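Hi,

Here is the structure I said I would pass on.

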Amino acid sequence: MGSLAKNIAIMPYEGYIQIVKIENGKTVNLGNFKFDNLNEVESFKEDVNIFYTPNTNYNGKRGVDNLKNLRSLYIDFDIHSRKLTIDDINYIIVETWLLADKGKIPRPTKAIVTGRGVHIYWELEPSSYGALATWQELEDYLYNNLKHLGADKKATDAARLMRLEGTINPNTNTTCYMYVFEEKNIYSMYELRDQYLDWRNRHNKNSVIKKNNSNIINFFNSYSLHIARAEDILTLVNIRNGQVVGYRNFILHCYAYWKGIYVRNYEELKELVIELNNKFNIPLKENEVNAILKCIPKAINKFLEYEQGIRSGQVKRVSRNMRDKGGYWYKNETLIDRLDITIAEQKQLKTIIGTRIKYDRNNIRRTPRNENGLTIRKQKKIDLIEKIKSLSKNGLKQIEIAKELNINKATVSKYLKL
C-alpha cells in the first residue's frame with residue numbers, strides 16, 4: 001500500500017490538503033496539513049468516512065477559488081444505485097488501461113478502491129491556480145472518454161473531496177485500498193494538453209492567441225474565457241458598489257453559468273451565487289435565486305457535450321454564429337448592452353469589452369511603454385530636450401550643442417523654445 005505521504009504527495013507542493021469526516025450528513029473538518037506534516041494523517045487510517053482533497057488550498061478553506069496547487073486529475077467510478085463488485089472494478093481498471101494503450105488517455109498513476117467504487121488518478125507536476133482552465137479541460141476530456149464505464153460527472157471539479165486510502169467506508173464496511181498502476185507516472189499538464197487536447201492547433205472564434213517573437217504569450221479558449229468572465233462580473237458589481245437593480249437576474253444568471261463550468265458541486269455553486277447576491281444593495285429573494293440556478297446544470301451539460309464532442313470528433317464545430325453552440329454564449333456587445341457597461345467600467349474588465357477598449361489595448365500592446373507610461377520614442381525626445389537645455393545652461397551655443405549631440409541646429413533651436 002505504501003505510506004500515505006508517498007502516495008498523496010509524490011512531489012513537494014505548496015498549500016494544504018484538507019481532511020474531513022462525514023457524520024450524519026454533515027462535513028466535519030479534521031485538519032489542514034502541509035507536506036511536512038503529512039505523517040499526522042496516518043492517524044486517520046482505519047477511521048470511518050474520511051475524505052481528503054487531492055489538490056491543495058491556500059488556508060484550509062476548500063473551494064475552487066481557494067486552490068493553491070493542482071496536483072491530480074481523477075475520475076470517480078461510483079454507481080450510487082448499487083455497490084460495484086470486484087469484477088466490476090477490475091473491468092473498469094482493465095478497460096482504462098486498454099484505453100491508455102490505445103493512446104486515447106494517459107496511463108493512470110494509481111487507483112483507490114473505495115468499497116463501493118473506484119477512483120483513478122493521474123498525478124501531476126504541481127501547477128498553480130492559473131492553470132485551472134487547462135486542468136478542467138483535461139478533466140472533462142478524461143470524463144468524456146470514460147463515461148461509458150460509469151464515470152461520475154459530479155466529481156469533476158478541482159476542489160473535490162475523495163475517500164482516503166486506508167480508511168473505512170461504512171456503506172460496505174470495507175477498507176479503501178490502493179492499486180498502483182505506475183508510481184512514476186507524473187505528468188506535466190502542458191504536455192498532456194498538447195498531446196490530448198491538440199492545444200496548439202485549435203483556432204476558433206473563441207480562441208485568442210497573441211504572439212511575441214513566435215512565443216505564445218496569451219491564450220483564451222472557451223474554458224479560460226469562462227473564468228475571466230466570472231471574474232469580470234464580480235469586478236462590475238464591486239465597481240457599482242452593489243447598486244445593480246435592473247441587472248440582478250442577468251448578473252446572477254451569467255455568473256452561475258460561467259462559475260459552474262468549474263464548480264460542479266451544486267450546493268457549493270449555490271453558496272457562491274448567494275454570496276454574490278448578498279453583495280447587491282437590494283438582493284433578490286431566495287426563490288428568485290433558486291429559479292435562476294435551476295436551469296444552470298442543464299446548460300453546463302450542453303457546454304461539456306459540445307466542447308468535448310469537438311475534441312473527440314463526435315461534433316462538428318459550428319460556424320461563427322454562437323447561437324448554435326452548446327450552453328450559453330453571449331457576445332461582448334450583448335453583455336455590454338444588457339448590463340449597460342460604460343467605457344470607464346470596461347477599462348477595468350478583462351474580457352467584456354467593446355471595440356474601442358480592444359483597439360486601445362492592442363495599441364498599448366504593440367507600442368511598449370516604460371514605467372512613466374511613455375513610449376520609447378517619447379522618452380528619447382524628453383531625454384534629448386533635457387540634454388539640450390542642460391548644455392545651454394552650461395554656456396554652449398546652439399551650433400556647439402548640435403555638434404555635441406550630433407543633431408541639426410534647427411532641432412536645438414526648436415527644443416530650447418519648449
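**What I found**

Let me start with a strand pair: β5 and strand β7 (residues 118–127) run antiparallel and are joined by seven bridges. Two strands count as paired here if DSSP finds at least two bridges between them. Within that pair, I75 has I120 of β7 as its bridge partner.

Before going further, two notes on where this comes from. This is a predicted model, in which local features need pLDDT of at least 70 and side-chain atom pairs count only at pLDDT 80 or more, while totals for chains, interfaces and linings use all residues. Residues are numbered from 1 along each chain as its sequence is written, and side-chain values use heavy atoms, with hydrogens and water left out.

**The overall picture**

The protein has 15 helices and 14 strands. Both are DSSP runs numbered from the N terminus: helices are H or I with at least four residues, strands are E with at least two. Of the 418 residues, 49% count as buried. Buried means under 20% relative accessible area, exposed means over 50%, and partly exposed is in between (1.4 Å probe, protein chains only). If you take the contacts between residues at least 6 apart in sequence, 67% of them join residues at least 24 apart; a contact means heavy atoms within 4.5 Å.

**Back to the strands**

How many of the 11 residues of strand β5 (residues 67–77) are buried? The count is 10, so β5 is largely enclosed by the rest of the structure.

Strand β1 (residues 17–23) is mostly covered, with five of its seven residues buried. On one side, β1 pairs with β2 over seven bridges, in the antiparallel sense. In that pairing V20 stands opposite N29, and K21 stands opposite V28. The hairpin of β1 and β2 has two residues between the strands, and N24 takes a positive phi near 50 degrees there. β1 is also joined to strand β3 (residues 50–52), by three bridges and again antiparallel. K21 turns up here too, opposite I50 in β3.

Two packed helices are described by the angle between their axes and the distance between the axes. The axes are lines fitted to C-alpha atoms, for helices over the stretch in contact, and the angles run from 0 to 180 degrees between N-to-C directions.

Helix α14 (residues 398–405) packs against helix α15 (residues 409–416) at about 110 degrees, with the axes 8 Å apart. The two are therefore roughly perpendicular (that label covers 65 to 115 degrees; under 35 is roughly parallel, over 145 roughly antiparallel and the rest oblique). From α14, the contact uses Q398, I401 and A402, and from α15 it uses K409, V412, S413 and L416. By class, that contact has four nonpolar, two polar and one charged residues. Nonpolar covers Ala, Val, Leu, Ile, Met, Phe, Trp, Tyr, Cys and Pro; charged covers Asp, Glu, Lys and Arg; the others, Gly among them, are polar.

Helix α13 (residues 376–393) also packs on α15, at about 90 degrees with the axes 10 Å apart. That makes α13 roughly perpendicular to α15 as well. In this contact K381, L384, I385, I388, K389 and S392 of α13 meet V412, Y415 and L416 of α15. These residues divide into six nonpolar, one polar and two charged.

**Two residues to look up**

F250 sits in helix α6 (residues 248–260) and counts as buried because its relative accessibility is 10%. Leaving out residues up to four places away in sequence, F250 touches Y330, L335, R338 and L339. F250 and R338 are 88 residues apart in sequence, yet 8.2 Å apart in space, C-alpha to C-alpha.

I292 is in helix α8 (residues 286–294), and is buried with a relative accessible area of 10%. Apart from neighbours within four places in sequence, I292 is in contact with N249, L252, H253 and L284.

Cheers
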